[in-house]
Structures are given as C-alpha cells and as structure tokens.
Amino acid sequence: MANASFRKKAHHMNHIDLTLAGGGDSEMSETLSSDIKQDLHGWREVLLPLESLLLWEQPYYPAILVGTTTFLLSIVWYTEISALTACSLVGIILGIIDFVVPFVGPTVTGYKTWTEREEIRFSSICEKIAAFQQDVIDRYHGLSAMRQHNAKMFFFIVMGILTSTAWIGNLIDNLFLTYLMVNFFLLTPGLRHHKITQKYLQPIFNRFKSGNKDKSN
C-alpha cells in the first residue's frame with residue numbers, strides 16, 4: 001500500500017513538473033522574442049523589405065537572390081583570395097552594414113513613418129526568428145539527450161553525417177559547394193512559404209508510401 005501511494009504521488013509530481021515545464025517554455029519563447037525585438041529595433045525598417053525578398057513576394061525576387069550570390073562569389077573566384085581573407089572581408093562588410101543600417105535604413109527603404117501595420121509585421125518577423133532559434137536549441141538538447149541515453153545511436157548518426165559531408169566535400173569544389181549552400185539557405189524561406197517543396201516532393205513521398213503498402217500486402 002505504501003509503495004502504491006508513493007507511486008501515485010510520484011506520478012502526480014511528474015505531471016505537475018511537465019505542466020510547469022510547458023509553461024516555462026512558452027514564457028521563455030516570449031522573452032526570447034522580446035529580446036530579439038529589442039536587439040533588432042535599429043534594423044526594423046530593413047527587415048520588412050528583406051522579408052519580402054526572402055519570401056518571394058515578387059516573381060523576380062529569386063533571380064535577385066541567386067544573381068547577387070553569383071556576382072559576389074564570382075568576384076571571389078576571379079580574385080582567388082584566400083579563405084582567411086574572404087572571411088575577414090565578410091566580417092568587415094557585415095560590421096559596416098550593422099553600423100550604417102540604423103542611420104540610413106529609414107531613408108533607403110522609405111519607411112520614414114512607422115505605423116501599426118509595420119509594427120505588426122516587425123513583431124511577426126521577430127517571433128519567427130525566436131521560433132527558429134528555439135527550434136535550434138531544442139534540437140541541440142535532443143542530441144545531448146541522445147548522447148547520454150543512447151550513445152551508440154548518437155555515435156553512428158554523427159559519424160554517418162560527418163562521413164557523408166566529408167565525401168561530398170571531396171567531390172565538389174569548395175567555392176561551388178559554398179555557392180550551392182548559400183543559395184539553398186537564401187531560397188529555403190521562399191520555397192517553404194510558397195509550399196513548392198510540398199507540391200513537387202509530396203507526390204514522390206506518396207508513391208513511395210503506397211509502394212511500401214503494396215509490398216506489405
């Protein structure tokens with residue numbers, strides 16, 4: 001009887017802990033979104049057109065993204081600068097942009113008057129950034145938990161991924177691989193927003209699932 005009572009209390013405490021943890025995650029997400037909004041306050045006039053560009057609100061925006069990366073990496077290829085110099089130049093350019101944008105952002109983008117509509121869009125952008133950051137943190141915690149509780153699976157997964165990336169890096173030129181990766185990350189928000197990947201990949205997944213069901217039957 002004492003053991004049964006103890007188990008009921010432990011189950012009740014676990015339920016309470018889980019409930020409190022869920023609330024804590026929600027509060028943490030709201031705090032993270034508020035912090036990001038405060039940090040990006042000087043960039044708010046630039047983030048709105050940047051979101052429009054990444055989400056392909058105009059049909060020619062993907063061409064602008066790919067054309068920009070092609071032009072910049074073509075300069076790197078033509079000048080044959082070293083990786084250290086390229087990273088240093090990228091850091092210098094980002095530092096200049098980060099310093100200049102809060103001063104010239106409203107003039108360049110045309111958002112000289114900030115209305116409630118722009119504020120709502122800015123808050124939505126900050127919430128998306130906070131959600132992405134929280135997703136990265138959750139995945140890291142998931143990998144850490146896997147490493148502690150299932151070390152063998154963690155080892156084989158990590159070694160498999162690293163071996164695959166090493167093999168791909170050996171086959172493809174570094175600059176061209178960088179070009180593909182940059183374009184992939186820049187085009188991913190638009191692909192997801194317009195559900196292009198679901199439109200073209202979902203039929204393939206459905207055929208694969210139906211084929212497996214037919215084999216099992």
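Where is Lys195 found? Hi everyone, let's start there. In this predicted model, Lys195 sits in the loop between helix 7 (174–193) and helix 8 (196–216). Its phi is near 55°, which is a positive value in a residue other than glycine. Lys195 also counts as exposed, because its relative accessibility is 52% and the cut-off for exposed is over 50%.

Now please look at Glu80. Glu80 lies in the loop between helix 3 (61–79) and helix 4 (83–109). For Glu80, too, phi is near 55°, again a positive value in a residue other than glycine. Is Glu80 buried or exposed? With 69% relative accessibility, Glu80 counts as exposed.

Next, let's turn to helix 3 and helix 7 themselves. Two packed helices are described by the angle between their axes and the distance between the axes. Helix 3 and helix 7 pack at an angle of about 155°, and their axes are 10 Å apart. Angles over 145 degrees count as roughly antiparallel, so helix 3 and helix 7 are roughly antiparallel to each other. The crossing of these two helices, helix 3 and helix 7, is right-handed.

Which residues meet there? From helix 3 we have Pro62, Leu65, Val66, Thr69, Thr70, Leu73, Val76 and Trp77. They meet Leu175, Thr178, Tyr179, Val182, Asn183, Leu186 and Leu187 in helix 7. Sorted by class, this contact of helix 3 with helix 7 has 11 nonpolar residues, four polar ones and no charged ones.

Key:
Residues numbered from 1 in each chain as written. Predicted model: local features only at pLDDT ≥ 70, side-chain atom pairs only at ≥ 80, totals over all residues. Heavy atoms only, no water. Helix = DSSP H or I, 4+ residues; strand = E, 2+ residues; numbered from the N terminus. Buried < 20%, exposed > 50% of the residue type's maximum accessible area, 1.4 Å probe, protein only. Axes fitted to C-alpha atoms, helices over the stretch in contact; angles between N-to-C directions. Parallel < 35°, antiparallel > 145°, perpendicular 65-115°, else oblique. Left-handed = near helix turned anticlockwise from the far one by under 90°. Contact = heavy atoms within 4.5 Å. Nonpolar A, V, L, I, M, F, W, Y, C, P; charged D, E, K, R; others polar.
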